Amino acid sequence: MTKPNQEPLEAFPLPEGAILLSPVDQPRTARASVIEALKQAIKEQCLALPIGPETALFDPTRLLSINQFALQLNVAGLMADEVSLDLSHWREDQSAPQLTMAVMVDLENDVVAVQGVLTNEELQQLASSQDCSGDALTLQTTDFKGGLNRLLTLVQLLEPSAIGRDALNSSIQRALSSIVNVGDWLRGQLDDALANYGAKLQPVTSSAFRANSPDNLPLQTQALLTIPLGLDDSNQLVSGSATNSCIERFRLQLIPTGIDLKPTALVVRVCGEMSNELLPDGLILQSKQGGARQSISSDNDLQMEITLASKDEMIELTLQLGTGSPLNLPPLKLQ
Amino acid sequence: MATYSELRTLTAKGIGGKELPQALAYLASEALQAVEPSRKIDDQLLTASIQNEDTAPLLCLRCHISHPLEAWIRTLFGRFKDNYDLDLTAIASYGLDDSGSDKLRLTRQSAPKPFTHSALTELPEGMVSPFSAEVLRTYDRERCGLPHWARQKIQCHNELKAYLRQQGLLLISDWALLADTSPTRINDSWQTCGDGAFPLEQLLGLHQNYKLHYREAMNAYRQRTGKGSGWQPDLEFLQALNPNQPADQTMLQLKAMADAIRKLISGRWISSSDAGESSWDGPDPASMALDDDTTDGPDAKNLREQIDGALQRALSGFMPAEMDKEAKKFTKAPERRLAWKLYGEGMSQREIGPHCDHQQAWVSKLLDEKRRSTAIATAAALELKRQVVFAQLMTSVEGTERLLEALRNHLLESERDKGDAPLRIWVHNYLLQA
């Protein structure tokens with residue numbers, strides 16, 4: 001817990017990168033303050049970044065277009081610790097914002113501070129563990145990172161097509177509703193549902209088919225699918241590209257084994273990114289196949305492994321760290 | 001008691017106190033000279049000033065409020081002076097400008113009148129001088145005690161706000177702070193920093209009501225006055241929050257919550273000067289564009305040349321205008337030129353500050369390294385994007401941001417020492433020619 005100071009703070013430091021607006025006779029709305037601040041910053045940096053629509057100064061929910069990127073403005077008071085994100089634009093694909101930004105506004109001091117920006121994908125990941133059925137989503141202001149610099153660099157350097165406009169959870173829902181046929185991996189085909197987790201099908205060398213394989217793969221390995229995993233700053237389990245900024249990283253390996261093109265079992269293994277790296281303690285790997293369940297947790301282990309025989313029933317796999325948000329893979333079919 | 005007879009004020013020698021004989025005489029006549037300050041005595045003096053049209057009891061109150069104002073000013077100065085260029089005299093001039101005169105000017109053009117309560121009521125709306133007149137003019141004893149009111153008023157002093165804003169500090173009223181705070185933070189702050197005087201559940205309920213009523217009240221205030229600042233909760237507002245208790249009790253609870261939040265945030269505050277100069281271990285931009293890990297081959301050398309070239313062109317495109325703007329201030333503020341010179345020679349911000357007789361926060365603000373380096377790196381990245389090898393990196397958010405960080409790193413840090421960093425070299429050469 002933060003160590004408290006003895007005395008209340010009389011004044012507060014101006015946030016880094018805060019934009020000071022000139023006082024005006026008529027008070028501005030929060031949205032008008034934000035748009036004016038953006039224009040001021042763009043002008044000061046001599047950037048050619050068109051902003052629109054300007055007529056929406058009194059409509060706080062309207063998306064803003066900045067250099068052809070669809071941007072959502074989420075405004076809170078300068079000292080706010082939480083920000084409310086309007087979900088009305090997030091219900092349909094191609095209508096959802098590409099970028100969503102938290103902006104802190106002090107109407108008394110005419111100060112605007114951009115806390116940070118999340119891409120559509122980043123917001124999807126944050127929202128995946130929250131209830132998004134209501135009209136708004138409440139996030140910590142600190143969930144948004146990079147300040148105004150991040151917005152300006154992304155909209156300058158990326159093509160608009162580089163960031164999707166997926167509706168909330170649509171990609172995850174699509175992934176969860178589709179069943180993955182493990183047999184496709186033997187033909188080098190990787191399902192989109194798993195690609196969303198950053199999964200990669202790796203070439204399996206001929207040595208893997210021999211006993212005592214130096215790759216430590218089981219005998220009769222037919223394919224090797226690896227999903228990068230990591231623990232983020234909040235100790236939450238993340239996958240795919242989100243692991244790049246994680247200090248603690250490890251892998252989930254899905255290894256069908258069998259003869260010819262017929263998998264007879266699936267080895268599910270969690271191991272360190274490098275050999276001899278311990279897994280985080282308290283990591284739980286669970287499987288459900290029909291009525292059969294297996295669960296294994298790590299405690300000073302280099303790897304955890306579950307083997308599932310080929311049956312009619314789908315395989316459901318979950319990975320979780322303690323009481324954190326679980327990572328649920330789409331159902332797998334071996335037969 | 002000294003607080004009712006000693007006026008804390010700004011003199012030619014700084015903040016000092018003066019015993020006011022008129023105040024002393026009045027206290028003696030009312031047998032109040034030895035009493036401890038209290039709400040009851042404040043009310044007694046206020047009533048006397050209203051009923052008797054006498055300057056003396058009001059003078060006692062002016063002395064009394066000067067003490068918490070001085071304490072507030074000194075605490076503010078003491079907390080921030082090491083990191084911000086604050087002038088105690090300048091701050092004090094906003095709140096301790098009462099000379100103890102028994103005359104009050106209602107407008108600049110009007111003749112001075114006796115400093116009585118009725119003269120206060122004739123003052124025009126808006127901040128007046130001396131500040132004590134403003135405090136007493138707006139004071140409503142049903143809402144809170146006088147020392148508390150004095151602190152509330154100085155927190156929303158517009159000219160003091162403008163001064164502090166220029167120095168990099170913001171005065172945020174308790175009202176805005178409470179409105180911006182979530183129930184989670186009320187909970188955290190009360191548990192960690194609260195004085196325990198009130199049950200948490202009661203405060204959470206009060207806070208929830210406050211947020212609902214505040215939005216409406218602020219909108220009405222803006223429409224009525226055309227202003228975005230200066231709102232204070234009136235009796236009606238306080239009573240609406242909790243009709244089951246006196247308004248001043250509600251005010252006390254709101255203040256307690258605000259104080260707890262301030263203490264919590266105070267504990268988390270990191271000086272902007274500490275955050276300004278972190279170095280980081282970013283990747284080499286050339287190696288990011290190569291497929292393999294070989295960073296010494298001809299491909300890597302070629303890439304480095306392209307990167308260096310792009311950064312130099314970006315520097316040349318961006319920095320001249322920046323430095324021309326800076327140079328306009330050098331005549332009046334030669335320490336600014338010195339700071340840039342020392343930066344160009346490789347000195348750290350922490351080292352530059354004392355040479356220029358300023359705090360590190362001043363140096364950090366002057367150099368604005370983060371903004372400038374990001375703008376330069378972005379311009380360089382835009383040029384490099386025309387190369388296929390870099391364009392491939394910039395098809396994803398992650399690749400783009402990693403490249404940008406690498407370019408910024410390359411711009412600000414050198415492999416050998418700070419003196420070789422491209423941005424510093426550029427500044428050094430600019431000043432040699434200027």
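Q: Axes are lines fitted to C-alpha atoms, for helices over the stretch in contact, and angles run from 0 to 180 degrees between N-to-C directions; on that basis, what describes the packing of helix 6 and helix 7 of chain B?

A: In this predicted model, the axes of helix 6 (residues 131–138) and helix 7 (residues 146–155) of chain B come within 10 Å and cross at roughly 115°. Helices (H or I, at least four residues) and strands (E, at least two) are DSSP runs numbered from the N terminus. Residues are numbered from 1 along each chain as its sequence is written, chains are lettered from A and ligands numbered from 1 in the order in which they are written. Local features need pLDDT of at least 70 and side-chain atom pairs pLDDT 80 or more, while totals for chains, interfaces and linings use all residues, and side-chain values use heavy atoms, with hydrogens and water left out.

Q: Is the crossing of helix 6 and helix 7 of chain B left-handed or right-handed, and which residues make the contact?

A: The crossing is right-handed, the term for a near helix turned clockwise from the far one by less than a right angle (left-handed if anticlockwise). Helix 6 of chain B contributes Phe131(B), Glu134(B), Val135(B), Leu136(B) and Thr138(B). From helix 7 of chain B come Leu146(B), Trp149(B), Ala150(B), Lys153(B) and Ile154(B). Contact means heavy atoms within 4.5 Å.

Q: What makes helix 3 of chain A and helix 22 of chain B count as parallel or perpendicular?

A: The axes of helix 3 (residues 147–157) of chain A and helix 22 (residues 397–412) of chain B come within 11 Å and cross at roughly 115°. Angles under 35 degrees count as roughly parallel, over 145 as roughly antiparallel, 65 to 115 as roughly perpendicular and the rest as oblique. The two helices are therefore roughly perpendicular to each other. Their crossing is right-handed. The contact is made by Arg150(A), Thr153(A), Leu154(A) and Leu157(A) on one side, and by Val397(B), Thr400(B), Glu401(B) and Leu404(B) on the other.

Q: What makes helix 4 of chain B mostly covered?

A: Six of the eight residues in helix 4 (residues 88–95) of chain B are buried. They are Leu88(B), Ala90(B), Ile91(B), Ala92(B), Tyr94(B) and Gly95(B). These buried residues pack against several elements of chain B, including strand 1 (6–11), strand 2 (14–19) and helix 8 (158–167).

Q: What is the largest nonpolar core, and which residues have the most contacts inside it?

A: A nonpolar core is a set of buried Ala, Val, Leu, Ile, Met, Phe, Trp, Tyr and Cys residues joined through side-chain atoms within 4.5 Å. The largest one has 113 residues, and those with the most contacts inside it include Leu86(B), Leu160(B), Tyr214(B) and Trp231(B). Its largest share, 13 residues, comes from helix 3 (residues 55–80) of chain B. A second, separate core of 40 residues includes Ile307(B), Trp362(B), Ile376(B) and Leu393(B). As for Trp231(B), not counting residues up to four places away in sequence, it touches Trp175(B), Tyr210(B), Tyr214(B), Ala217(B), Met218(B), Tyr221(B) and Phe237(B).

Q: How do you know which strands pair with strand 15 of chain A?

A: Two strands pair if DSSP finds at least two bridges between them. Seven bridges join strand 13 (residues 224–231) to strand 15 (residues 248–259) of chain A, and the two run antiparallel. Ten bridges join strand 15 to strand 16 (residues 262–272) of chain A, also antiparallel. Leu225(A) has Leu254(A) as its bridge partner in strand 15, and Ile255(A) has Val267(A) in strand 16. In the hairpin of strands 15 and 16 of chain A, with two residues between the strands, Asp260(A) takes a positive phi near 55°.

Q: Which other strands of chain A are joined to strand 13?

A: Three bridges join strand 12 (residues 200–202) of chain A to strand 13, antiparallel, with Leu201(A) opposite Leu225(A). Three bridges also join strand 13 to strand 14 (residues 237–239) of chain A, again antiparallel, and Leu229(A) has Ser239(A) as its bridge partner there. Seven of the eight residues of strand 13 of chain A are buried.

How values were computed:
Buried means under 20% relative accessible area, exposed over 50%, partly exposed in between (1.4 Å probe, protein chains only).
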